[in-house]
Amino acid sequence: MSVLDDIILGVREDLDARKILLPLEEVRILAEQAPAPRNAYAALAAQAEGVSVIAEVKRKSPSKGELSAIQDPAELAAAYERGGASVISVLTEERRFGGSLADLDAVRAAVNLPILRKDFTVDEYQIWEARAHGADLILLIVAALDDATLASFLELTEELGMHALVETHTAEEVQRAVAVGARIIGVNVRNLKTLDIDRSVFPVLAGLIPSGAVVVAESGVRDISDVESYVAQGARAVLVGEALVSHSNPEATVGEFTRAGAALRH
Ligand SMILES: O=C(O)c1ccccc1NCC(=O)[C@H](O)[C@H](O)COP(=O)(O)O
């Protein structure tokens with residue numbers, strides 16, 4: 001079984017438990033009562049100079065184990081916002097990443113930026129749930145969904161006023177993302193079978209994404225030079241977890257990353 005399949009197995013078990021506690025009809029009511037979503041597409045596309053940073057709240061991961069204890073996700077997210085992040089990503093998967101919907105709630109209450117609910121979306125319940133908890137952007141991993149499900153999840157996301165970060169790892173997945181009309185397309189350079197990072201796939205896949213879509217480079221940003229190369233290779237935004245949560249000054253680091261691509265854009 002692949003790492004992705006294993007993660008999804010746990011996600012489905014946890015989801016079944018949440019559905020018993022709060023049936024879909026009730027989550028839908030909460031989603032309809034939630035404050036209007038913020039426009040994540042505009043936030044990512046609007047960065048006049050440099051690159052848009054999606055700054056992630058990430059405690060641990062299958063590839064690296066414990067990254068940071070993060071006692072106060074709201075405080076971390078506020079630091080990201082002060083540093084100039086365009087979007088905050090909150091991992092809500094519990095078993096492998098140590099996240100939760102409580103983290104999402106805390107971050108929602110602390111920042112005014114659009115928020116990505118970063119999870120392994122395999123059921124429409126999670127999309128309603130994301131909106132009910134104030135998310136503006138959700139993650140759709142092409143490798144985890146068939147074409148019909150990907151299209152219907154994207155449609156529901158947009159009906160609820162949110163956007164989707166549609167994540168790809170191969171040329172075929174980029175084609176599938178484009179075919180369903182994805183407007184924010186991520187290229188994740190972490191191979192979900194081996195968990196290895198291979199930055200060389202980014203320019204190849206980014207080159208297949210039509211202009212008009214926001215191209216997001218996901219994973220493997222260690223420092224400014226990585227941000228600069230992703231920008232030079234076509235990234236409009238970078239999604240960064242480990243390098244921020246493990247830094248003593250995440251606010252300053254977001255600022256450096258945000259400005260890093262500026263020279264390359266002029
Ligand atoms: O991070 C992992 O080990 C991982 C393993 C399996 C599926 C997904 C995984 N990560 C999710 C992500 O996409 C990253 O959190 C995100 O791109 C940030 O990556 P990084 O800056 O390298 O922490």
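In which helix is Ala-106 found? Ala-106 lies in helix H5, which covers residues 101-110; helices (H or I, at least four residues) and strands (E, at least two) are DSSP runs numbered from the N terminus. The model is predicted: local features need pLDDT of at least 70, side-chain atom pairs count only at pLDDT 80 or more, and totals for chains, interfaces and linings use all residues. Residue numbers start from 1 along each chain as its sequence is written.

**Overall fold**

- The protein has 13 helices and ten strands.
- A compact globule of 266 residues would have a radius of gyration near 18 Å, and the 17 Å of the protein agrees with this; the radius is taken over C-alpha atoms, and the globule rule is 2.2 Å times the number of residues to the power 0.38.
- Along the principal axes, the C-alpha atoms fill a box of roughly 50 × 40 × 35 Å.
- Of the 266 residues, 45% count as buried; a residue is buried if 20 or more other C-beta atoms lie within 10 Å of its own, exposed if 12 or fewer, and partly exposed in between, with C-beta atoms placed from the backbone.
- Among contacts between residues at least 6 apart in sequence, 69% join residues at least 24 apart; two residues are in contact if their C-beta atoms, placed from the backbone, lie within 7 Å.

**Ala-106**

- Ala-106 is partly exposed, because it has 19 other C-beta atoms within 10 Å.
- Leaving aside residues up to four places away in sequence, Ala-106 touches Pro-73 and Ala-74.
- Glu-75 is 31 residues from Ala-106 along the chain, and their C-alpha atoms are separated by 9.1 Å.

**Packing of H4 and H12**

- Helix H4 (residues 73-83) packs with helix H12 (residues 250-260) at an angle of about 35°, with the axes 7 Å apart; axes are lines fitted to C-alpha atoms, for helices over the stretch in contact, and angles run from 0 to 180 degrees between N-to-C directions.
- H4 contributes Leu-76, Ala-79, Tyr-80, Arg-82 and Gly-83 to the contact, and H12 contributes Pro-250, Glu-251, Ala-252, Val-254 and Gly-255.
- By class, this contact has six nonpolar, two polar and two charged residues; Ala, Val, Leu, Ile, Met, Phe, Trp, Tyr, Cys and Pro count as nonpolar, Asp, Glu, Lys and Arg as charged, and the others, Gly among them, as polar.

**Helix H6**

- Seven of the nine residues of H6 (residues 124-132) are buried, so the helix is mostly covered.
- The buried residues of H6 are Gln-126, Ile-127, Trp-128, Glu-129, Ala-130, Arg-131 and Ala-132.
- They pack against helices H1 (3-21), H2 (24-33) and H7 (147-159) and strands E5 (115-118) and E6 (137-141).

**Ligand shell and Ser-219**

- Of the 19 residues around the ligand, Ser-61, Ser-63, Ser-219, Gly-241 and Glu-242 come nearest; a residue is near a molecule if its C-beta atom, placed from the backbone, lies within 6 Å of it.
- Strand E10 (237-240) and helix H11 (242-245) each supply at least two residues of the shell.
- The shell has eight nonpolar, six polar and five charged residues.
- Ser-219 is in the loop between strand E9 (214-218) and helix H10 (224-232), and has a positive phi of about 80° although it is not a glycine.
- Ser-219 counts as buried because it has 23 C-beta neighbours inside 10 Å.
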